[in-house]
Amino acid sequence: MEQNIESKHSIIAEYYTECYAELKGFVASRLLGDEKAEQAEDIVQNVFVRLLKMDCMITRITLPCLVYTIARNLILDYWRHRHSLEKYEYVVRNTDWQNRYVDDVATIYSAHEIQRKLEDGIAQLSEKQSSVYRLNLEGMTVKDIALHLNIKYKCAEHYLGNARKSVRRYVKEEMAS
């Protein structure tokens, strides 16, 4: 197993030295702005960091496709982030913050009230959904939850998905009323 990891790391290192400039050019061609070169370097570095963290089998044949798929996904993440920043900046610039005030303090929910509504929503879940949801709120991943509760990964994923939908629906209905 250790030899396999060494082999994987050496394949990635070799590919990095051979194709770094090409990959950086690919990424930079899909970015805009003054910081294009710096952003491209960051994205390329993140590609190789993700590769090194992956548990899947990597060969010289599969590596190029995997590298460009990861790069493409990171570029899409970059654009999503940039879009949300621009959207936020637009709202901030076009809002009159000085003349904005709340007419009725009672219309604002306190953190305590929201927490209570969330707890009420969790209380309506089944026992399995509730335990999976609470473990996820504590920061556990689905994989860790499945191991902790001794259930299959897909079951944990299913319980968590249904629990999230139910809690969201409950809290949304409670906040609207």
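Predicted model: local features only at pLDDT ≥ 70, side-chain atom pairs only at ≥ 80, totals over all residues.

Residues are numbered from 1 along each chain as its sequence is written, and side-chain values use heavy atoms, with hydrogens and water left out.

Let us begin with helix α6, residues 142-149. Helices here are DSSP runs of H or I with at least four residues, numbered from the N terminus. Which residues of α6 are buried? They are Val-142, Ile-145 and Ala-146, where buried means under 20% relative accessible area and exposed over 50%, with a 1.4 Å probe and protein chains only. Seen down the axis of α6, the buried residues fall within an arc of 100 degrees, so they line one face of the helix; the arc is taken from the directions from the helix axis to the C-beta atoms. Lys-143, Leu-147 and His-148 are exposed on the face turned away from that buried side. The cover over the buried residues includes α5 (127-137) and α7 (153-176).

Next comes the loop between α6 and α7, where Asn-150 is found. Its phi is positive, near 55 degrees, in a residue other than glycine. Asn-150 counts as exposed because its relative accessibility is 70%.

Finally, α4 (residues 111-123) packs with α5 at an angle of about 145 degrees, the axes being 9 Å apart. Axes are lines fitted to C-alpha atoms over the stretch in contact, and angles run from 0 to 180 degrees between N-to-C directions. Contact, meaning heavy atoms within 4.5 Å, involves Leu-118, Glu-119 and Ile-122 of α4 and Ser-130, Tyr-133, Arg-134 and Leu-137 of α5.

Notes: Helix = DSSP H or I, 4+ residues; strand = E, 2+ residues; numbered from the N terminus.
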